[in-house]
Amino acid sequence: DFVNAVLYAGRGDKINAALSASAAIPMIGNFAAGGKVVTKGKKVVKVVKKIKKGSALTKGAGGADEFSELYRKVQNTGNLKDLEELMQLKNVKKIVQEAGIGLDDIKIKIDRSPELIGTGYCGYTSPDGKTITLYPDAFTNTESLVKTLGHERIHIYQINTFGVPQDVDMGRLFENDAWGSEKDWWNYYNMNGGLK
């Protein structure tokens, strides 16, 4: 019922959104009473109340509205809706596992800045070799995400083994090696049943 309420609200159908939201309220109470994440429950109740009133949803962090913030857990929203891979850490970890990319002690961040779409920038490894930041283009499709994660994994190895590149030539070598590994990461992913 709640999913229907959110879908109707996204389409601007306030009447059906309110009806579905009303039916969903006992479920929301059960989630909260069952010890689920209270913060999410409060957000859901807040959104449902606004839908029932016919109020506009407000802008939240990063320019995403409250509806999008809840809905993006299951689908990319707004300017990111055309990206095939879900921009969620849970999805990234699943792909990392399926592709055999060892990132156990590496922090992964996801930058959802819509202005980065179409720039060709897919990822970045921090100079300390402990954090990978993924940009929207990495989520274009499964192949792009697998290759980006593998590419950045190579940079982590390079930084931890040789240190940060000290000049342009060394940086170019690092980049060429990382680019060269992408096909191998993709092949490994496919050999292990990644695309079913």
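At what angle do helix H5 (residues 89-99) and H6 pack, and how far apart are their axes? I took up this point at the outset, working throughout with a predicted model.

**Entry 1: H5 and H6**

I found that H5 and H6 pack at about 75 degrees, with axes 10 Å apart. Angles of 65 to 115 degrees count as roughly perpendicular, so I recorded H5 as roughly perpendicular to H6. I then listed the residues in contact: H5 contributes Asn91, Val92, Ile95, Val96 and Ala99, while H6 contributes Thr142, Leu145, Val146 and Leu149. Sorting this contact by class gave me 7 nonpolar residues, 2 polar residues and no charged ones.

**Entry 2: H6 by itself**

I next checked the length of H6, which covers residues 142-162. Its 21 residues, at 1.5 Å a residue, should span 30 Å, and I noted agreement because the C-alpha atoms at its ends lie 30 Å apart. At the start of the helix, I located a side-chain oxygen of Asn141 within 3.2 Å of the backbone nitrogen of Glu143. At the other end, I noted that Gly163 follows H6 and has a positive phi, near 90 degrees.

**Entry 3: H6 and H7**

I turned to helix H7 (residues 168-191), whose axis comes within 7 Å of that of H6 and crosses it at roughly 135 degrees. The crossing of H6 and H7 is right-handed. On the H6 side, I listed contact residues including Val146, Gly150, Ile154, Gln158 and Phe162. On the H7 side, the residues they meet include Met170, Phe174, Ala178, Trp185 and Tyr189.

**Entry 4: H5 and H7**

Lastly, I examined H5 against H7. Their axes come within 8 Å and cross at roughly 85 degrees, which means that H5 is roughly perpendicular to H7. I identified Ile95, Glu98 and Ala99 of H5 and Trp185, Tyr188 and Tyr189 of H7 as the residues that make this contact. By class, I recorded 5 nonpolar residues, no polar ones and 1 charged one.

**Entry 5: shared residues**

Comparing my lists, I noted that Ile95 and Ala99 of H5 occur in the contact with H6 and also in the contact with H7. Likewise, Val146 of H6 takes part in the contact with H5 and in that with H7.

Key. Residues numbered from 1 in each chain as written. Predicted model: local features only at pLDDT ≥ 70, side-chain atom pairs only at ≥ 80, totals over all residues. Heavy atoms only, no water. Helix = DSSP H or I, 4+ residues; strand = E, 2+ residues; numbered from the N terminus. Expected span 1.5 Å × (residues − 1). Polar contact = N/O pair within 3.5 Å; in protein donor to acceptor, adjacent residues only side chain to side chain. Axes fitted to C-alpha atoms, helices over the stretch in contact; angles between N-to-C directions. Left-handed = near helix turned anticlockwise from the far one by under 90°. Contact = heavy atoms within 4.5 Å. Parallel < 35°, antiparallel > 145°, perpendicular 65-115°, else oblique. Nonpolar A, V, L, I, M, F, W, Y, C, P; charged D, E, K, R; others polar.
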